[in-house]
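Subject: Structure handover

Hi,

Here is the structure I promised to pass on. My notes on what turned up are below it.

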Amino acid sequence: MTNKKELSERDICTKYIQPALERAGWNPLTQIREEVSFTDGRIYVKGNLTSRGKRKRADYILYHKPNIPIAIIEAKDNKHSVKAGIQQGLCYAEILDIPSVYSSNGDGFYEHDRTCTDGKIEQELTLNQFPSPEVLWQRYKEYKGITTKEQERITTQDYFFDSTGRTPRYYQTCAINRTVEAIAKGQNRILLTMATGTGKTYAAFQIIHRLWKSKTKKRILFLADRNALIDQTKRGDFRHFKDKMTVIRKKKIDKSYEIYLALYQGLINYNEDKDAYRKFSPDFFDLIVIDECHRGSAKEDSAWREILKYFSIATHIGLTATPKETETISSTEYFGDPIYTYSLKQGIQDGFLAPYKVLRVGLNVDLEGWRPEQGKTDKQGLLVDDRIYNRTDFDKSLAIDERTETVARKVTEFLKKTNRLDKTIIFCVDIDHAQRMRAAIANENSDLMAKNSKFVMQITGDNEEGKMELDNFINPEEKYPVVATTSKLMTTGIDAQTCKLIVLDSNIGSMTEFKQIIGRGTRINEEFGKTFFSIMDFRNVTDLFADPDFDGDPVRVKELTEDEEFESFDDEIESDEPITDEDGEEIVFKPPISEYLEVITGGDIVAEPRPKYYVNGVNVAVLNERIQYMDGNGKLITGSLKDYTKQKVREQYQSLDDFLKKWNQTDKKQAIIEELTEQGIVFENLKEAINKEMDIFDLICHIAFDQPPLTRAERVNNVKKCDYFTRYGEQARKVLEALLEKYADEGIANIEDMKILQVNPLDQLGSPLEIVQLFGGKQEYLKALVELEQEIYRKVA
């Protein structure tokens, strides 16, 4: 009979845990899932290459029905205690929103009941005492506050499935389930906060579909503020509504549909008597979903707010990546606190969003300022105001040709070093700046413009040709346009999956706008080689990465009292980017007073627009450049990479002796490297930063413990000087000598991989099986490899 202690974890699952679940009444086809990976594994950037970390994987997840998880089990082999997996299980249960947690080593189960607030929260069960599906469903309902049959009917409505087999990710499931459960219990104002690129629209579709199919909500309005958002939604996830869905265009209302998509501009005429939404009765819709709800109309008219007021009887769901929280504007004041939040930081850690690196470029005129000589006139003959201009002025009130050309040249240099056909978005101050930047990029890339005139396109609200190319820019299959210059049009709602470079040449003071812009690069498309993106910052905008609000939960700055006006959810929409209705007609708002000059004309004081100066002949040069990387928590490392590495290594190993002891006792050095990589230390980037080639062991000793480093060649020579190889036969010695040379060329990680035996020159010494037999078998070969590594690292310095 097999000794249970000798069984693997998988054997324990097959022989003991699975039979116990089936005896308790769990259906193996519909209710039991084994080895469920629910993250993709974080992406680590190594120079211009990437690798993925480990996925989070649950041994068992038990379901009431698909996408309604109610229990989790962490399995261990029998050398562990029955309680050994409970902490890991609890960690996963909190992430997955599951109330019942179990650990098992095959002897029984150890249970943690997250619904228990008084009494025995944990207990040990025999293999025959595992709870039935009915028992754990009752516990789930208690955990979720589902108390009536009607609530249960709504919350158990099936998800939409089609032939593609697409299923929601774990965080989408949490968001969808929490929203449906809240509405089933009567909540009418709901806010979902999910980072850009995490599939808010897909989550919204599943929420709407489940509520619509259960007949809880019969007529639904999906509101957005940009045509691109409506078009993407209609062609994308919402296409499954087919003939039940319509898009409201030209303010024409047809009340025979059940699902309506609309621009809020398409529902208003800025005239109460003609507002199209008033053609519906106030109780026509019983669910309204507001996409990008931190936005809306400009503050002056609060049109979005007026629509929601009119349909106040309906349930309102707000979707946003960046809830707006300022002194006078609050998403949470209207919707309440988010029912679920999935942040950019979490998305990057889970491997669903792309990490980034930042190249900050400092120009002399930005860092030192520029003052015109006395009597300086611009290209139009206007006398330039005599004052010091800085980066807040450039391209807003004064444009320097050489500055625009320098930015275009640096962007082009970057693309030449990486890939000139990498999709790139350049965010400019205004439409005029975007137009001039397009021309500068075209001149820097005349060879590519000759091949295709759409290499660079201005994509702004006023440019019809550019807007027509927006779909081609975001389509991974389309090569052109490659570079898009824009101001506000592409800050939100544009699904640019293959955008690899974001250029910031705009003064972005709003954290909301900054998050939205960064979100243009966070989508991953591995099929087209998009696993990370770069940010070129010419305006020190990435200082916002250091702001605690960058990835924190929304904080309510001020509670509004009854007599204070609630303003729209929007960032102030700037006058340089037209807001249009669905017909493309511009909605005109007055520019802020700061954009006017008081001019005396015929004795009267008249407000005239402040001029923008256009100058040239200015010396513009790059003063400094600096690359910054992300740390293990998704934050930008604002200090030096060297100092960050030292800090993180010292957190793990207090002294050089501690590190050497761990290094020498670990059979596979790659395990230590991976452990430090999980902390955000990427050694390839560090080598690039210090501009020295050395072994990772020496890199750690040098950076963290101030030891003088040895090169790999020096370490190889030290091994060759001793009589280490004489203990082995001639053929085995040749193997070890070849491994030593491989170490000299490629480092320690490669020689620890058994696949090295299939690579030249080792493959000339025999098959992998024949090679390990030279040492007396695989275990003896691995022992010899460990001893070789000990010889390599015998000398610290």
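Starting with rings: those of Phe, Tyr and Trp (its six-membered ring) pair if their centres lie within 6.5 Å, with planes under 30 degrees apart counted as stacked, over 60 as edge-to-face and the rest as tilted. On that basis, a search of the whole structure gives 39 aromatic pairs. One of them is edge-to-face: the ring centres of Tyr260 and Phe284 are 5.9 Å apart, with the planes at 75 degrees. Tyr260 sits in strand β12 (residues 259-263) and Phe284 in the loop between β12 and β13 (287-290), so this pair ties together parts that are 24 residues apart in sequence. (Helices, H or I with at least four residues, and strands, E with at least two, are DSSP runs numbered from the N terminus.)

Before going on, two caveats. The model is predicted, so local features need pLDDT of at least 70 and side-chain atom pairs count only at pLDDT 80 or more, while totals for chains, interfaces and linings use all residues. Residues are numbered from 1 along each chain as its sequence is written, and side-chain values use heavy atoms, with hydrogens and water left out.

Next, salt bridges. Side chains of opposite charge can pair when their charged atoms come close. The cut-off here is a side-chain nitrogen of Lys or Arg within 4 Å of a carboxyl oxygen of Asp or Glu, and the structure holds 42 such bridges.

- Lys4 pairs with Asp107, and their closest N and O atoms are 2.8 Å apart. Lys4 is in the segment before α1 (9-23) and Asp107 in the loop between β6 (100-104) and β7 (108-113), so the bridge ties together parts 103 residues apart in sequence. Asp107 is partly exposed, at 46% relative accessibility.
- Arg57 and Glu35 meet at 3.3 Å, N to O. This pair links strand β4 (residues 57-65), which holds Arg57, with strand β1 (residues 32-37), which holds Glu35, 22 residues apart. Arg57 is partly exposed at 33%, and Glu35 is partly exposed at 36%.
- Asp366 bridges to Arg403, with the closest N and O atoms 2.9 Å apart. Asp366 is in helix α11 (residues 364-368) and Arg403 in helix α12 (residues 401-417), 37 residues apart. Asp366 is buried at 5% relative accessible area, and Arg403 is buried at 1%.

Which peptide bonds are cis? Tyr480 to Pro481 is one, with omega near -5 degrees, and Pro481 is in the loop between α16 (470-474) and β20 (483-486). Another joins Asn760 and Pro761, with omega about 5 degrees; Pro761 falls in the loop between α25 (748-751) and α26 (768-773).

On phi, Glu292 is not a glycine but has a positive value of about 50 degrees. Glu292 lies in the loop between β13 and α8 (303-310) and is buried, with a relative accessible area of 4%. Ala321 is 29 residues from Glu292 in sequence, yet the C-alpha atoms are 7.3 Å apart. Ala321 itself is in the loop between β14 (315-320) and α9 (331-335) and is buried at 10%.

Asp706, also not a glycine, has a positive phi of about 60 degrees. Asp706 is found in the loop between α22 (696-705) and α23 (712-721) and counts as exposed at 54%.

Finally, Thr460 is in the loop between β19 (456-458) and α15 (464-468) and is buried, with 0% relative accessible area.

Cheers

Technical notes:
Buried < 20%, exposed > 50% of the residue type's maximum accessible area, 1.4 Å probe, protein only.
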